[in-house]
Amino acid sequence: MTHLMETYKRLPVAFSRGDGVYLEDSNGKRYLDGLTGIAVCGLGHAHPNISRALSEQAQTLLHTSNLYEIPLQSQLADQLCELSGMDAVFFANSGAEANEAAIKIARLHGHKKGIQKPAIVVMEASFHGRTMATLTATGSRKAQAGFEPLLSGFVRAPFNDLDAIALIGRNNPDVVAVMFEPILGEGGIIIPDDGYLEGIRQICDDNGWLMILDEVQTGNGRTGQYFAYQHTGVLPDLVTTAKGLGNGVPIGACLARGAAARVFEPGNHGSTFGGNLLACSAALAVLETLEADDLLARAAYLGDYIIDALARELAGNNLVTEVRGKGLMIAVELSEPCGELVVRGLDHGVLLNVTQDNIVRLLPPLTLSDEQADELISRVVAVVNSHGS
Ligand SMILES: Cc1ncc(COP(=O)(O)O)c(C=O)c1O
């Protein structure tokens, strides 16, 4: 009998070591990692820069708490603000916690404006985390079922529908913010129409709302820019991120600009672990490596290359309805459920994920070589073509 709670349907494989874009299981079998621990290990596994930074920091000092100055945290905040156009950062330990911080800022901002019951517009099919507030914000009845009562103060709109948000604005004076993913991740790599972010920015400006972007999955270079909004000219008021920021060391961040950056005052929010020395040393090494190796441009190039190749090579498979993506967030959509392809992937030595029952999702490392990208393509094509056989 296991002493682990039954929260996960785990696959029957355990990995004992990682080496760049490959993982090795306890029997010595190697797998090309097309998923990176769900968009976390963007630099691959056992990256020497990350290993070095962590081991040096571990031999110096791990944790002091936010009762004291943490120069590494300030340095990381400076670099993130420089990269993003934001003014200030709160560090947490996960994506959900980064989103909790953004939700609390939006509510406090509302209260300071005299709105007693501030509401946040959130989207259908979104995913923001598993804490009570982020679960409420998440657009999945399946994830929410059984955890009622959910929180009040959230209003839902369909994704990619500007008119629906504008209508909420006309009918609901309590709205203070819109919170959304620039590309739905768990929702199936759904890319909104051109102009969507600009449209939401405009609605937020017209109504005096905060624009909150959840870049937990899309951030840290994955789509070919540091943040996905940087493909547009739009600046949000708040951006949250986590996953790839620490390349496997838990860290989350809520970045804010302008008035939103000045909402929290001492005592309003906090975290024992958030932004400790170990996590910040990992994140600083991630940022340095992304820049030194020009990995944002590489993610954009690899994404185009892999998406084109998958579309071409799967063109003859009439169950494949679409290959799409942005940078290294890639989806192969089938016309029928294909959950068994995750296990087929293991047989073919490639890690991939199936989301929404019928969408094969790839979130490979930004460090793939050209040869490794070709290997990923041929393995994924073989796995997808094995469906139904
Ligand atoms: C867009 C988005 N937001 C938030 C989260 C939650 O992050 P975490 O699991 O680190 O709490 C996820 C995780 O998949 C995500 O994809």
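Where is the place of Asn-247? Asn-247 sits in the loop between strand S9 (238–241) and strand S10 (252–256); strands here are DSSP runs (E, at least two residues), just as helices are (H or I, at least four), all numbered from the N terminus. The model is a predicted one, so to speak of local features takes a pLDDT of at least 70 and side-chain atom pairs count only at pLDDT 80 or more, while totals for chains, interfaces and linings use all residues. Residues are numbered from 1 along each chain as its sequence is written, and side-chain values use heavy atoms, with hydrogens and water left out.

Asn-247 is buried, with a relative accessible area of 10% (buried is under 20%, exposed over 50%, partly exposed in between, with a 1.4 Å probe and protein chains only). Leaving aside residues up to four places away in sequence, Asn-247 touches Val-40, Cys-41, Gly-42, Leu-43, Gly-44, Ile-50 and Val-286, where a contact means heavy atoms within 4.5 Å. Two of these neighbours also meet polar atoms of the Asn-247 side chain: the backbone nitrogen of Leu-43 at 2.9 Å, and the backbone oxygen of Gly-44 at 3.1 Å.

Then there's the ligand. Of the 13 residues around it, Gly-95, Ala-96, Asp-214, Gln-217 and Lys-243 come nearest (near means a heavy atom within 4 Å). A polar side-chain atom of Asp-214 lies 2.7 Å from a ligand nitrogen, and a polar backbone atom of Ala-96 is 2.8 Å from a ligand oxygen. Helix H4 (residues 95–112) gives the largest share of the shell, three residues.

Definitions and conventions:
A polar contact is a pair of N or O atoms within 3.5 Å; within protein, one must be able to donate a hydrogen and the other to accept it, and residues adjacent in sequence count only if both atoms are side-chain atoms.
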